[in-house]
Amino acid sequence: MSQKDSLKRSGRDLLLVIDGHSLIYRSWYAIPVSMVSQKLGIETKAVYGFINAFFRSISEWAPTHCAVAFDPRGPTFRHEKFPDYKAHRKPSPPEIPSQVEITRQLMGLLNVPVIEVDGYEADDVLGSLAGKAESLGLDTVIITGDTDALQLVTAHTRVHMQSGSSQGKVFDVASVTTRFGGLPPDKQPELKGLQGDSSDNIPGVKGIGPKTASLLISKYKTLEGIYSALGDISPRVQRLLEEDKDNAFLSRYLGTIVSVPLPVSIADCTFGNYDREKVIDFLRDLEFISIIPKLPSPAGRTVENQKIPVPPFESKPEIIIVKTNETLSMLQQILSDEHPFSLWVDTRSPKDPLLFITIATHDSKVWYIP
């Protein structure tokens, strides 16, 4: 029995919680072509990737409850403790904020709570929702692309790790423990205390890598246990630990997901009560016609539509530049078959000559025609 089937048959309600910024950013970088809504006049490919992943998750997990968490604007308590936290990250692409807002609007039409808590990250909201749900007898699936969330995995909380808008992998306690060399989910902050995390600019203990960190935590369980047993540790590692003791405890602090005061209850997250026609109208405005058949019914069931063929969404298609007679003939042959395809014509500069046309075909290829 798969993990998904085991959750569906557990007899418990299921909360699906989504890391909003994580999926939007990964969709933005995963989709190689531009997508612009002519009616709204803005780029929409990150929203497209997000809503594809959202509807797919609804279909796969059949949740009874759903919520989306976003990072707030401004610093968090981690920045107050360590101003250089995530300081090396590049600014967001200028197209992202408007797509975050569109995603919020779409979730609002679906009556899915969008949650931000000032001073805390989305991970803290995800963890708080999962903890509250478990205390009320619900299972939880967290949709994210951020491995920090793996520390939240329990017997009743799983993490569905996604990359871009691909399906990714589901992590339970066993798979997290295997991934981290025998360390269970709740030891991940201890691990981060020693080895740090370059993606978040968390320093850790200089000179201690993942292998040494795992061995130390496996044997001594916590930072406190390690530092109380320094005399039993090799002189080189002992010296490194002593020199960077403050950074070790700081890094664990920065890498630990904490509980936050939630502005909504789990009951507020009940999924399925929305106006289907309003959602369809909004998807049409976004020109997401192929997504409409995937829209769940208000009862939570996927709507079947046999008249509209919808090719599977691929995050990494093969891109072919049509610049020879041979590639043109290949494209002509594919288009002559009875398969669906999508066409994109760049009309953003109507006064200038046509720059290019792109055609996405059923075989996961994108044909770029200058």
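Is Tyr274 buried or exposed, and at what relative accessibility? At 6% relative accessibility, Tyr274 counts as buried, where buried means under 20% relative accessible area, exposed means over 50% and partly exposed lies in between (1.4 Å probe, protein chains only). The structure is a predicted model, in which local features need pLDDT of at least 70 and side-chain atom pairs count only at pLDDT 80 or more, while totals for chains, interfaces and linings use all residues. Residues are numbered from 1 along each chain as its sequence is written, and side-chain values use heavy atoms, with hydrogens and water left out.

Helices (H or I, at least four residues) and strands (E, at least two) are DSSP runs numbered from the N terminus. Phe77 is buried at 16% relative accessibility, whereas Tyr253 is partly exposed at 37%. The rings of Phe271 and Tyr274 have centres 6.1 Å apart and planes at 40°, so this pair is tilted. Phe271 is buried too, at 12% relative accessibility, and ring pairs link Phe54, Phe55, Phe271 and Tyr274 into a cluster.

Charges also sit over rings, a term that requires NZ of Lys or CZ of Arg within 6 Å of the ring centre and within 35 degrees of the ring normal. Lys81 lies over the face of Tyr253, 5.4 Å from the ring centre, and the charged end of Lys45 is placed over the ring of Trp28, 4.5 Å from its centre.

Next come the nonpolar cores, each a set of buried Ala, Val, Leu, Ile, Met, Phe, Trp, Tyr and Cys residues joined through side-chain atoms within 4.5 Å. The largest has 46 residues, and those with the most contacts inside it are Leu194, Ile208, Leu216, Ile226 and Leu241. Elements giving two or more residues to this core include β1 (14–19), β4 (65–69) and β7 (157–161), while α6 provides the largest share, 6 residues. Leu216 touches, among others beyond four places in sequence, Leu194, Ile208, Val237 and Leu241, contact meaning heavy atoms within 4.5 Å. A second, separate core of 42 residues includes Met35, Phe271, Tyr274 and Phe288.

Helix α11 (residues 235–243) has Val237, Leu240 and Leu241 buried. Viewed down the helix axis, the buried residues of α11 fall within an arc of 100°, so they line one face; the arc is taken from the directions from the axis to the C-beta atoms. Pro235 and Glu243, on the other side of α11, are exposed. The buried residues of α11 pack against α8 (188–195), α9 (210–220), α10 (223–227) and α12 (245–254).

Finally, the cysteines. The count comes to 0 disulfides, with a disulfide taken as a pair of cysteine sulfur atoms within 2.5 Å. The sulfur of Cys269 is 8.0 Å from the closest cysteine sulfur, in Cys66, too far for a bond. Cys66 is buried at 1% relative accessibility, and Cys269 is buried with a relative accessible area of 1%.

Definitions and conventions: Phe/Tyr/Trp six-rings, centres within 6.5 Å; stacked < 30°, edge-to-face > 60°.
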